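Visitor: I have a model open and would like to talk through it. Could you walk me through the ligand site and whatever else stands out?

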Amino acid sequence: MCGIVGYLGKRDAYPILIKGLKRLEYRGYDSAGVALLDEQGDLRVYKTKGKVADLEAYVADKNAGGTVGIAHTRWATHGEPNSTNAHPHVANSGNLAIIHNGIIENYAVIKRQLEAKGVVFHSQTDTEVLVQLIDYVQTTRQVDLLTAVRIALHTVIGAYAIAVLDKNNPDVLIAARKSSPLVVGIGDEEFFLGSDASPIIEYTDRVIYLNDQDVAVIRRGHDVEVVDFYNEKVEHDITRVNLNLAQIEKGGFPHFMLKEIYEQPDCLRDCVRGRINSEANHIALSAIIDHKERLTKARRIIIVACGTSWHAGLIGKQLIEQYCQLPVQVEYASEFRYSNPVISEHDVVIALSQSGETADTLAAIELARERGAFVYGICNAIGASIPRATHTGSYIHVGPEIGVASTKAFTGQVTVLAMLALALAWERGTVSEEEYVRVIAALNEIPDKMQELLEQGEKIRDISRIFTYARNFLYLGRGYNYPVALEGALKLKEISYIHAEGYPAAEMKHGPIALIDEEMPVVVIATQNALYEKVLSNIQEIKARHARVIAIVSKGDDTVSQLADAAIELPSTEECLEPLLATIPLQMLAYYIAVCKGKDVDQPRNLAKSVTVE
Ligand code: F6R
C-alpha cells in the first residue's frame, strides 16, 4: 500500500525516482508525485491523479533537476485520489515535503489542535497533518529537522514509513518507520530509499532494513546514521540483497501475472531445493530441525493469514491434520487479532504471508507471542517484517511476486505446508515410511506436471472467451479442492470484477443451487478422488438446471468431460497435492477472462499488493 522512493547522491534524482515508482506501482496506483530540490535550492513538487506514467507525462516539460528527491505512488486511505491528496505533501512554510505509507490514526485530533493554532490544511489526508506538525514543531521550538521529526513521531499513533525532504537541509533526507516497511540502499556516495528493495537493486545490493521506531539520517558525504525516537543510536546491519533485475521485470510476457503463472514449475523446484533429499527420500526443514522439541510437542496449530494466503492455510490444515494428527484451526488474521483467542504456550501459530508485511497478520503474530505461543512464519519476501517478528520459519523462495493477484506465492505456500506437514509427521511418528516416501516422490514430480498443464494455455484461453459474458460464477470443490474453489473464485473477482463464489460442492444444495441457471457458469473441480462420485452427481444437478460447466478433471476421465461444456485435464498425483495442479487452470481462466474484458490485470482497481494498513 503506497510506494515510497527516495534518492540523495551525485546523479539526477528524477529518473531514478520515476523508475523506482514504476517498480513499486504494484503497491498502489491511484495517484503519484515527486518532490525535488533543484540546483538553486528550490523545492519543486509535481503530483497527478492516475498512474506513474501520468506523472511522467505531466513532468515531461518541467524542471526536474536536482540530486535529491522523494517520490510516492498512492493507494488512497484518507481522501479520494486526486492531485491535492497525492503525496508529497508540503508544509505551509514551503520548506518541508513528506511522503508516507500507512495510517496516522490520531490525525483528526492533531489536525484540530493545529487548526486551533492557525495552521491551514489543503488536503483531506492524514499525511499532511504529519508534515504540518513537523513544520510547526520546527518553527515554534527552533529545533533541527531530526529533532522535529522525532518529536512529531512521539505524538502520532499509527503505522508509517515516511521520508522527509527539507529545503533548508539540501544534503539530508530523514526516513522513519513504524509497522510499514522501509529499506535504505547504500551506493557509492549515493543513497536510496524504497518501500522494498526493488527500486534499489539496479544501483546497489547493500541495504539496511529499518526496524520499527528507527529514524535514519541520510546525509551527503556521511554514513547512514540510525537513531530511535529518543535519539539513542541504533546499531544496524548492512545486508546484501539477493535479487536480480530479471526477477522483477516482465521477461517478454504481456503481464506480470502471466509471467508468474508460467514461472510456477521453476518456483516450486526452487522451493523444494535443498529441502527434499530425493536420494534419501527425506525432507529437512531447518526450522523443524532447530525447534524440533517445541514443534513436535505442539498440542494444537493455529494458522493465521489473509486472502489467498488464508486459502493456502485451509489446505495446510488438511495436510497437517491428515499427516500429523494434530488439530489445526485456520483464522483470518484480521478477526483473530480482535477475538480474544484462547492461546497457550503449547500452541504453535503459523503465520502465512507472501509479502511478509500484512498489518493484520503482523498484529496476530504479536498477540500470539504475547500469549506465549511459538510462532512459525511462512513468507516469500526476504527480510520483511513477518519473518523478523516470528520465532522461526521457512521462506517459500518463489522470487518477487509483482502481479497484484497472487499466483506463484499460493502454490509456494502450499508446497512449504506440504513439506512441513510431512517433516513434522515424520518426527512425530504419525506417517508410515511408505506413505512419506510416496508423497515426497509425488511432490518432486509436481513441477513437471505443472509444466504439462501450462501447455494447455491456448485451450484455456479459448475456453475463457466463451465465458467472458458471464456476470456471476460459482466454483465448487471438495476436500483438498474446496480451498482451490475459493481461490479460483477470488482470482476471478479480483482481476475481472465478475462476481464469483467458492463453495464446498456438497453445500450447493443448501442454498447456492437457487442461483443456478443458464447464465451462471459453474467451475467444478471433479478429479477422481474419494469424493468423485458425489461431485459427479453435483454436475448432473447443475446440468439439469441448464448451467454451463467448466470441469477440472483427472486425465482420461471421459465421463465428466462428456458431461461438461469444457474440460481441463489434470495429470494425476497424490490427492493431498492436487491443489498444486488444480489451481493453475483456474489462475489461467481468471487471467484470460480479465484480458478478454480489457481489464488491467496487474493493477486491478482498488487493490494493492501489500496491505500494510488495517
Ligand atoms: C489475492 C491476494 C491477497 C493476499 C492478501 C494477503 O490475490 O494477493 O488476498 O493474499 O492480501 O497478503 P500476504 O500474503 O502478503 O499477507
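Visitor: Which helix gives the most to the shell around the ligand?

Guide: H10 gives the most, with three residues; helices here (H or I, at least four residues) and strands (E, at least two) are DSSP runs numbered from the N terminus. Bear in mind that this is a predicted model, where local features need pLDDT of at least 70 and side-chain atom pairs count only at pLDDT 80 or more, while totals for chains, interfaces and linings use all residues. Residues are numbered from 1 along each chain as its sequence is written, and side-chain values use heavy atoms, with hydrogens and water left out.

Visitor: And which residues come nearest to the ligand?

Guide: Of the 14 residues around the ligand, the nearest are Ser309, Ser353, Gln354, Ser355 and Thr358, where a residue is near a molecule or strand if one of its heavy atoms lies within 4 Å of it. By class, the shell holds four nonpolar, eight polar and two charged residues, with Ala, Val, Leu, Ile, Met, Phe, Trp, Tyr, Cys and Pro counted as nonpolar, Asp, Glu, Lys and Arg as charged, and the others, Gly among them, as polar.

Visitor: How far is the backbone of Gln354 from a ligand oxygen?

Guide: A backbone N or O atom of Gln354 lies 2.7 Å from an oxygen atom of the ligand, and for Ser406 a backbone N or O atom lies 2.8 Å from a ligand oxygen.

Visitor: How much of the ligand does the protein cover?

Guide: The protein covers 90% of the 410 Å² of accessible area that the ligand has on its own, by the Shrake-Rupley method with a 1.4 Å probe, where for residues only the protein chains shown count as cover.

Visitor: Back to the helices: how do the axes of H10 and H17 cross?

Guide: Their axes come within 9 Å and cross at roughly 170°; axes are lines fitted to C-alpha atoms, for helices over the stretch in contact, and angles run from 0 to 180 degrees between N-to-C directions. That makes H10 roughly antiparallel to H17, since angles under 35 degrees count as roughly parallel, over 145 as roughly antiparallel, 65 to 115 as roughly perpendicular and the rest as oblique.

Visitor: What is the class make-up of the residues in that contact?

Guide: They divide into seven nonpolar, four polar and two charged.

Visitor: New topic: where is Asp228 placed?

Guide: Asp228 sits in the loop between strand E13 (225–227) and strand E14 (239–240). The C-alpha atoms of Asp228 and Leu536 are separated by 62 Å.

Key: A polar contact is a pair of N or O atoms within 3.5 Å; within protein, one must be able to donate a hydrogen and the other to accept it, and residues adjacent in sequence count only if both atoms are side-chain atoms.
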